[in-house]
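Have the sequence and the 3D view open while you read.

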Amino acid sequence: MSTTLLSKQPVAQDTDSGSSLDEKGSKADVSSGAIPPLGLPVDAVAGNPFTAVFKKNAKLDLDAIATQPSVFDDPVSLEAYRPPPQYENTHRFDPLARWTWREELSVVRKIDLRIMIWACIMFFSLDLDRSNISQANSDNFLPDLGLTTNDFNLGNTLFRASFLCAELPSQLISKRIGPDIWIPCQMVLWSTVSLAQFWLNGRASFLACRFLLGFMQGGFIPDVVLYLSYFYTKRELPIRMAYFWLSNYVADIVSAFLGTGILRMRGVGGKEGWRYLFLLEGIATLFVGLASFYLMPPGPTQTRKWFTEREEVIMVNRVLRDDPTKSDMHNREGLSVRMIWDAMCDWRLWPIYAVGLVHMMPVGPPQTYLTLSLRNLGFNTTETNLLSIPSVVIGATMLLLTAYFSEKVNSPVAATVILQLWALPLLVALYTFNRSTSQWVYYAVVTLITGFPYVHPIQVAWASRNSYSVRTRTVSASLYNMFVQAGAIIYANIYRKDDAPLYKRGNKTLIAIASMNICLYIFAFFFYKYLNHRRDRIWNSWSQKEREEYVENTKDAGNKRMDFRFAY
């Protein structure tokens, strides 16, 4: 658990949990001391994260109680963490509610179908509109508009910069009016800009559209991450984030096939094929944006009767037991300037921000220039689009495997450093290539580099988990993504025109960055390990009464609390 309990007494087990619970799942009052039986804790046991992956999970008894031990089982900590009246789900909070694994798994499947799948469709739409420029490049996009490689780099930089600038304002708007309103608005705005690229006529219009597209899309990802945290526990979120980003890879595959077909429209109406690519895909995402106004409920108890009252009780209480700070704020409550500043000054999250800045740099330039590199190798438009698919398939597979590894070992650092270990030897091989190297050998290595294990979803969940409050999570999600976008701005300019086509200087820089990143991950591991060890030492030195007084009277909030432990 992220929160250390006041006392670590053995958890009582109910041998007949399914039949002995009443309709609400309650049996007694917490304050009376007669707490209904709880389920066995499912938190991963401490140990070596690299050996935990080989441990076999115990078979789950579907009719056993699934309700996890939490701060709500102690009368003192219950009052300290009790959801306030303004919390939108307070009417479903019940510290005595109990449910079985059969019920919980059924509810989670329903959330996946109702909430998660549509979130993936929305992200699919975003990636379709922001990455179709890659397919456009294979259709002589740059020569048609009289643009150079440096113009293309500038367009990418403007996109990233505007995306970065919009992150925090977008998140604050979303927190004020609700993600169920703001996210669909974003989608309608960016899809309009995307389809308007049909009328591009030169450098100025290209740069303007790239800037506007980034500005309209900025904040979408942290908005959705915060939204999904309303429905999922901290252990469920990383794998959901993996499926969320899997839609990114699906979009790349689908757009490659769509591009292959749509780009053949070159000459229709005297227009280039890439113009129809922007137009048709922009119209498709516009429809998704309009549908999202209906298909995004505000929260677990505001779902247009998609869930029963019993299911709402389970949804609310299982999430609050996992993270009691999720009731800190209403889902339409904005942040004050002071809250924003305090969240930005939270130095405990800075290592994650640093990792976010640099983790994609070793693989970003080869990925950005994949289609241009394939054209330089002599492949035509159709071959280039089809040859980009294997790297997407490899990347999608590695994404899921890495997410599974993260869930199995319960160690974000162990799961995310894999990207650097994957990229480093391949970049060394790429650096050794010369003009006489076979185009197929070059293609194989570049495909493996661009098929890297995408660890960004795990790091997003890591930042969310270590924030430990809605207000900090709101800002940290944006700040983390801003650092990621800042990193993208940097790596968009590592490959330069005077270094083409082998980019020797650029690849040498990428090798150095990958080596540095491995050291950074090791530092983050020991940084959080030290913080937890220090808190354990202080917490364990206190008497039971001192702990209760701390929980009742402390002014510490979020991850500053002495009873909170960081994930690493």
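This is a predicted model: local features need pLDDT of at least 70, side-chain atom pairs count only at pLDDT 80 or more; totals for chains, interfaces and linings use all residues.

Residues are numbered from 1 along each chain as its sequence is written, and side-chain values use heavy atoms, with hydrogens and water left out.

**Helix 6 and helix 23**
- The axes of these two, helix 6 and helix 23, come within 8 Å and cross at roughly 175 degrees; axes are lines fitted to C-alpha atoms, for helices over the stretch in contact, and angles run from 0 to 180 degrees between N-to-C directions.
- Helices here are DSSP runs (H or I, at least four residues), numbered from the N terminus.
- Sorted by class, the contact of helix 6 with helix 23 has 12 nonpolar, 6 polar and 4 charged residues.
- For those classes, Ala, Val, Leu, Ile, Met, Phe, Trp, Tyr, Cys and Pro count as nonpolar, Asp, Glu, Lys and Arg as charged, and the others, Gly among them, as polar.

**Helix 10 and helix 18**
- The axes of helix 10 and helix 18 come within 9 Å, crossing at roughly 175 degrees.
- Helix 10 and helix 18 are therefore roughly antiparallel to each other.
- Residues of helix 10 that meet helix 18 include W245, Y249 and F257, and on the helix 18 side the list includes L399, Y404 and E407; contact means heavy atoms within 4.5 Å.
- This contact between helix 10 and helix 18 has 17 nonpolar, 1 polar and 2 charged residues.

**Helix 7 and helix 11**
- Helix 7 (residues 179–196) and helix 11 (residues 273–295) have axes that come within 8 Å and cross at roughly 165 degrees.
- That makes helix 7 roughly antiparallel to helix 11.
- Helix 7 passes helix 11 in a left-handed crossing (the near helix is turned anticlockwise from the far one by less than a right angle; clockwise would be right-handed).
- Among the residues that meet are D180, P184 and M187 in helix 7, and F278, G282 and L286 in helix 11.
- By class, the contact of helix 7 with helix 11 has 13 nonpolar, 7 polar and 1 charged residues.

**Cavities**
- How many cavities of 30 Å³ or more does the structure hold? There are 6 cavities of 30 Å³ or more.
- On a 1 Å grid over the protein atoms alone, a cavity is a set of points where a 1.4 Å probe fits but cannot get out, and a pocket is an open set with protein on both sides within 12 Å along at least five of seven lines; lining residues have an atom within 4 Å of a point.
- Grid points are joined across faces, edges and corners, and a volume is the space filled by probe spheres set on the points.
- The largest cavity has a volume of about 870 Å³.
- Of the 36 residues that line the largest cavity, D127, S131, R160, D252 and Q367 are the closest to its centre.
- Helix 4 gives the most to the lining of the largest cavity, with 6 residues.
- The lining of the largest cavity has 16 nonpolar, 15 polar and 5 charged residues.
- The second largest cavity has a volume of about 240 Å³, and helix 22 supplies the largest share of its lining, 5 residues.

- Of the 16 residues that line the second largest pocket, A80, Y81, D328, A557 and R561 are the closest to its centre.
- Helix 3 (75–81) and helix 25 (544–553) each supply at least two residues of the lining of the second largest pocket.

Terms used:
Angles under 35 degrees count as roughly parallel, over 145 as roughly antiparallel, 65 to 115 as roughly perpendicular and the rest as oblique.
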